[in-house]
Amino acid sequence: MPFPGGLWWLLCCRRGFTLLRRDYGEAEREADGEAEEEEEASFELRAQGDQGSLEVSLSQPTRSSSGSERSLLVAEEMRSLIVEKGPGPVEDDPDALVKGWLQREMRGCMKTPWIRPRKYWFVLTPDSLDYYSSNEKGARRLGSLVLTSLCSVLWPDKQLYKETGYWSVTVFGRKHCYRLYTEHLNEAVRWVCAVQKVIDSKAPVQTPTQLLMRDVEEHRDSPEVLEQIYRCNPILRYTSGPLYAPLLPFPYGSLDQSAPGPRSYTTLRDEAVKLFNSLQQLESERDPVPLMQGVLQTCLDLPPLVDEIYCQLVKQTTEPPAPGGQGDLHYWQLLTCMSCTFLPSPPVLRFLRFHLDRTENRFPASEMAKYACFIREALGKTKGRECVPSLEEILVLMQRQEMICTVHCPGAPACSVAISSHTTAEEVAQELVSRLGLSQSPNLFALYEQSRRREQPVGSATLLADVLTRFENLAGEDREQDPPCRLCFKHYGFLDTDNVPRDSLEFALLFEQAHEMVLRGYVPTSEETLQTLAALRLQSLNSDFSTHAPFPRLEELFPPHVLHARLPPLPHRPPAKCRGARLRAGLLAGGLWGQALAKQRAERDQRLRGRLREEGASTMAAIVEKWKLLQGMGRPEAMAAYVALVREWPGFGSTLFDVDLQASPVGPGPQRLWLGIGAKAVSLYKPGEPEPLDSFCYGRISSFGASDSSTFRLSVEDRDLLFETSQVDEIAQLLNTYLASAGAQRLPRPQEPPASPPTLEPTVLPQGLCPAPGPWQHRPPVGSSHS
């Protein structure tokens, strides 16, 4: 039933008055709301110049609604921050730095372009940003945003201009955020620069917590004064209530959501308050480990919050209601994890050390005192972490114990090493070198992160706790696709492979590493030789042939790429050139024709798999026949014969890297090559070819380094070779390692390329290896990393 005409008129008028009230009456309501909110508890706003006596009580901040309940401190603060202005202006205000008409966002009016934003007269002074209803004398001031050193301003957003036609100027204050708009870019830039200049001119803001920390440090030798400070200032003590503002000053404004990490965060101030709520949940948690790891992850993602969490934990462990209870110990356990992960700033570190000393003196021989002693020792070793502690590490830290790390050694039993949160890969490698009796070996050893798909050396300065955390994260992400990663102790560089005793553990390591090179296709030889090597591998594993002997999988004996190379290549179908052809192909692929193509592909893949099984069976039969011929050969002899066959390749002992040569000395255009880094020379190989294309002894290399993150530069006499690779740091570090082992002068670190390419005179480089190895040779690579 249609509405009568009078009812339509009433509805239209009501809608019109609603819009007018929102457009014109909003400012008055917001001005009243701003005046009320500006008087709320703001215990953090104190300039450095206003540092009076702290004998007054600084209580826990609360939300009060009536003016009579507000503290004297807040009233004095606001009077010192807000400058009273006269009734009107505005044009002849001597304190005005910038003034003009701007449009302010009113409850999302920019999201409804059919409503025109309301214009106001804005005036920027050295203390605040004010806006008035007009620029006439006697105009009412509708709002004021006090500017301090914690305020921030955002530059105009081009994307918003494309969507709305306005350039934005966003100013963040303590309680309010002014989103202002103008149609001219130069005007927006003028306002942004002026506001930022006022913010930069303000003295740094200090919170009462910071001032009290300074007072505690000044009177640490006066027990009576300290007790009075703690008694009169509840902000330093445990509280069961919520925290409405952070203990330390944080800039106003939103966070950059492009920060690393999958989690999204709000402002630093809000995150600090949320973290305090999480801390309070620890008291009643039966399993606090996941919550602790979440707090640590937030601190890793937002480093400015590290000091705040330290201060909150110190607060909650100061005079708790039940010292040594479950809730109190959870705070101490999280503080222990923090001390092994993050290092606070010097002022917070001094305050934390005082808190630890005070706890030990007040509660000697207690659990809190033991945690305090452990934390003090950890703070002397912590230098920063790449990852937060794993769940296993948190459990160990809660008991103040060490972790057990398992390191696998090819050809030898796995070794268990006790590590702490500060143990580096270099320390573990040195311990294994000593434990396995490899101290007299001239070769280099290191720890590797190893899985079925990849292998990379662990930098000597890398914390093993971070490596174990990465393993835990990878196991959670790819639980079904990839086997878990593990740590492996292996050769890092070969200086002498001819004089390794056959009955030593190092020879077993050499044998296993040679077998890995064969399986990865880094030993170019004939297929007949590869089958012989597989037979020798079986003889070393199972001794003489027997039908009851366990047979490894073929891919554990023979390079898989050789079998795949026997299969016929897939037919190459050129892509459609014109748009119409691509459209027709897409339409056909989506219908019955697409189903037929999918069926053909499935049948072809099944035929290829069958062909691959046939080739594998024939290869395994040939390997078994060769195995039968090794009757009576012992395990040491089989290992020695295996290594001897691999050593026939001239590149044995070199570390191979897959690179793309951009400036080729052997042909035009980029080409895929192997870059072999050896103890005496650097060689270039074509994949699958036994002889090198070119070889450069270290005496011919004038300099090397990283041109960028994926380009390695090698200067040989009068030419520069550029290699595209993802292993720039590894190549440069291995070259540095060989030069240092030979007693040569080390080149600049490739991770920080200098402005001009480093150049060494050829005369200072080694012409040969030193006969007696130096002590540095037994150490793993320093600063090695892998992309």
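Begin by selecting Leu 296, Tyr 310, Leu 313, Trp 332, Leu 334 and Met 338, which touch the most other members of the largest nonpolar core, a set of 58 residues. A nonpolar core here is a set of buried Ala, Val, Leu, Ile, Met, Phe, Trp, Tyr and Cys residues joined through side-chain atoms within 4.5 Å, and buried means under 20% relative accessible area with a 1.4 Å probe, protein chains only. This is a predicted model, in which local features need pLDDT of at least 70 and side-chain atom pairs count only at pLDDT 80 or more, while totals for chains, interfaces and linings use all residues. Residues are numbered from 1 along each chain as its sequence is written, and side-chain values use heavy atoms, with hydrogens and water left out.

Next, centre on Leu 296: leaving aside neighbours within four places in sequence, Leu 296 is in contact (heavy atoms within 4.5 Å) with Leu 334, Cys 337, Met 338, Phe 342, Val 388, Pro 389 and Ile 394. Apart from this core lies another, of 38 residues, including Phe 507, Leu 557, Phe 558 and Trp 674.

Now select the open sheet of five strands, whose order is β9-β8-β12-β10-β11 with mixed pairing; strands (E, at least two residues) and helices (H or I, at least four) are DSSP runs numbered from the N terminus, and two strands pair if DSSP finds at least two bridges between them. β9 (412-419) and β11 (455-457) stand at the edges with a single partner strand each, so one side of each has no neighbour in the sheet. Within the sheet, β8 (residues 403-409) and β12 (residues 486-493) pair in the parallel sense over two bridges, and His 408 has Cys 488 in β12 as its bridge partner.

Helix α17 (residues 505-519) lies across β8, β9, β10, β11 and β12 and runs at about 95° to β12.

Finally, show Gln 450, Ser 451, Glu 455, Glu 516 and Arg 520, the closest to the centre of the largest pocket among its 46 lining residues. β8, β10, β11, β12, α17, β13 (655-661) and α23 (728-741) each supply at least two residues of that lining. A pocket is an open set of points on a 1 Å grid over the protein atoms alone, where a 1.4 Å probe fits, with protein on both sides within 12 Å along at least five of seven lines, and lining residues have an atom within 4 Å of a point.

Conventions: Axes fitted to C-alpha atoms, helices over the stretch in contact; angles between N-to-C directions. Buried < 20%, exposed > 50% of the residue type's maximum accessible area, 1.4 Å probe, protein only.
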